[in-house]
Amino acid sequence: MKTRPAGIGNVNADWMGSLPSKLSAMPLKHLAVPGSHDSFTYWVDVHAPVGPDQKAYVKYLATIFSVIAKKVMVKWSMTQNLTFKEQLDAGIRYFDLRVSSKPGESGKEIYFIHGLFGHKVSDGLLEINSFLSRHRKEVVFLDFNHYYAMDAEHHVYLIQMLQEVFGSKLCKNCVVESVTLDYLWEKKYQVIVFYHHPSAQDISVMWPGSKIPAPWANTTEPNKLIQFLETTLRERAKQGSFHVSQAILTPRVNTVAKGLVWGLRNYLVERNLPTIMSWVEAQRPGADGVNIITSDFVELTDFANIVIKLNNQLLIERDHKLR
């Protein structure tokens, strides 16, 4: 039986619905929202083939060494330990989603993927929808940003699935600045889907990827990451989009080689978390500040709570202006 990590419960299950009216009236792009990177990687299938998102040499090694190679891949593919429900209960509201068909499998089934295949997308969406049906004032961002081994029929299947699962909860694409929690509650919208593919461009409930830029530092060094986060925040568009700050480090081939048996969490994430979290704690939301912040292994620190509490600064700033 899987045990829940210490300090994780449903303490933030209703944090959006509990915000003061001053904040629920603000554009959602000005609020601080916690998110998870590669949100679905809490389980991957070591018995399935290596995913089509991997380079040819990785597929070759997995073919030669099979289960051993895949067990190493698990340690470097998994970026989260919590299920969707556990992440939602903890306060996570942005999900970074990469999907793929299984080459050689009949039908149009779509799976989450990050090196190895994860759960069926349909199972994950149903889990998210179940949470939203119990927490009517909570809103999620679903960012479908990478697609592998998917043809036109797969995209039609996935888009239809999203519409069938969430139905009237799906927020229609509109001016970003008009999207406040008050607006979403009035319309009974709870899901904003970003679909980074032309096949969704004429569907009113699918938002284009251009409305949620998520610049990626692609570094193993925390100081370079923080410099990158600062620069991209300064360059954040004033109008027309949300913004994702990816507070994550990315392993290189030599990083994996050096920490082969340790894995992403033990070798790269845990040792650098204090530096990254210090940066997060020093941020402020608002027009020129952070919006969505993503992290690996969101349960290792009080990540979601720290990000949510950044919104208190908006109340303080507004009170000062009123004096």
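Reader: What makes Cys 174 buried?

Author: Its relative accessible area is 18%. Buried means under 20% (over 50% is exposed, in between is partly exposed, with a 1.4 Å probe and protein chains only), so Cys 174 counts as buried. Bear in mind that this is a predicted model, where local features need pLDDT of at least 70, side-chain atom pairs count only at pLDDT 80 or more, and totals for chains, interfaces and linings use all residues. Residues are numbered from 1 along each chain as its sequence is written, and side-chain values use heavy atoms, with hydrogens and water left out.

Reader: How do you know that Cys 174 is in no disulfide?

Author: The nearest cysteine sulfur belongs to Cys 171 and is 4.8 Å away. Searching the whole structure turns up zero disulfides.

Reader: And why is Cys 171 called buried?

Author: Because its relative accessible area is 0%, it passes the buried cut-off.

Reader: What is His 154 in contact with, leaving aside its neighbours within four places in sequence?

Author: Contact means heavy atoms within 4.5 Å. On that basis, His 154 is in contact with Ser 101, Gly 107, Lys 108, Ile 110 and Ala 149.

Definitions and conventions: Disulfide = S-S within 2.5 Å.
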